[in-house]
Amino acid sequence: MNVRFAVVEDMKQLESFFSKHITRENKAVYNEEFLCPLGLRTAVNRRSVVVMNIEDIIIAAARIYLKKNSTISLYQFAVEEQYRHKNLMKYLLSQIGYPIFSACPSNLAFNNYYMDSKWSFVETKKGMNIWKLEPDLLSESTFPN
């Protein structure tokens, strides 16, 4: 597995990857911006998309935003179905090395993902649950193949 920032050459595969996993039918998609390929392009150009590859295939990706206070906001993320439930996203995010915050509407069952993945609950603010993931020393050997 390889974790790296996405580059312009990844755009076609990234657009396909996110359009497959982040759809209007998904209740965790509460913002139309998640579906915008122009926003994804801009994020890639700003080095704000991190991908996990096996060979040349993207199996996980996260769109992030580095804040001035040295924390990261997680904007959107997805993992190929066959690789889920192996903590790959947590590993991918831990490689960035900053505390990561994510907001999820408090009425969505998707909050269970954060609880099950051992994110720390911070607060509920304006109808959003705020979750925090501290960088840790997860290694690739932590995950089953």
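Which residues form one aromatic cluster? In this predicted model, the members are F77, F110, Y113, Y114, W119, F121 and W131. The structure holds nine aromatic pairs, and I will go through two of them.

Start with F77 and F110. Their ring centres are 6.0 Å apart and the planes make an angle of 45°, so the pair is classed as tilted, the class between 30 and 60 degrees. F77 sits in strand β4, residues 72-79. F110 sits in the loop between β5 (100-105) and α4 (111-116). The pair therefore ties together parts that are 33 residues apart in sequence. As for accessibility, F77 has a relative accessible area of 17%, which makes F77 buried, while F110, at 32%, counts as partly exposed.

The other pair is Y113 with Y114. Here the centres lie 5.2 Å apart with the planes at 80°, so this pair is edge-to-face. Y113 is partly exposed, at 23% relative accessible area. Y114 is buried, at 3%. Both tyrosines belong to the cluster I opened with.

Two elements give two or more residues to the lining: α2, residues 37-45, and β3, residues 57-66. What is the make-up of the lining in nonpolar, polar and charged residues? Four are nonpolar, three are polar and three are charged.

How values were computed. Residues numbered from 1 in each chain as written. Predicted model: local features only at pLDDT ≥ 70, side-chain atom pairs only at ≥ 80, totals over all residues. Heavy atoms only, no water. Helix = DSSP H or I, 4+ residues; strand = E, 2+ residues; numbered from the N terminus. Nonpolar A, V, L, I, M, F, W, Y, C, P; charged D, E, K, R; others polar. Phe/Tyr/Trp six-rings, centres within 6.5 Å; stacked < 30°, edge-to-face > 60°. Buried < 20%, exposed > 50% of the residue type's maximum accessible area, 1.4 Å probe, protein only.
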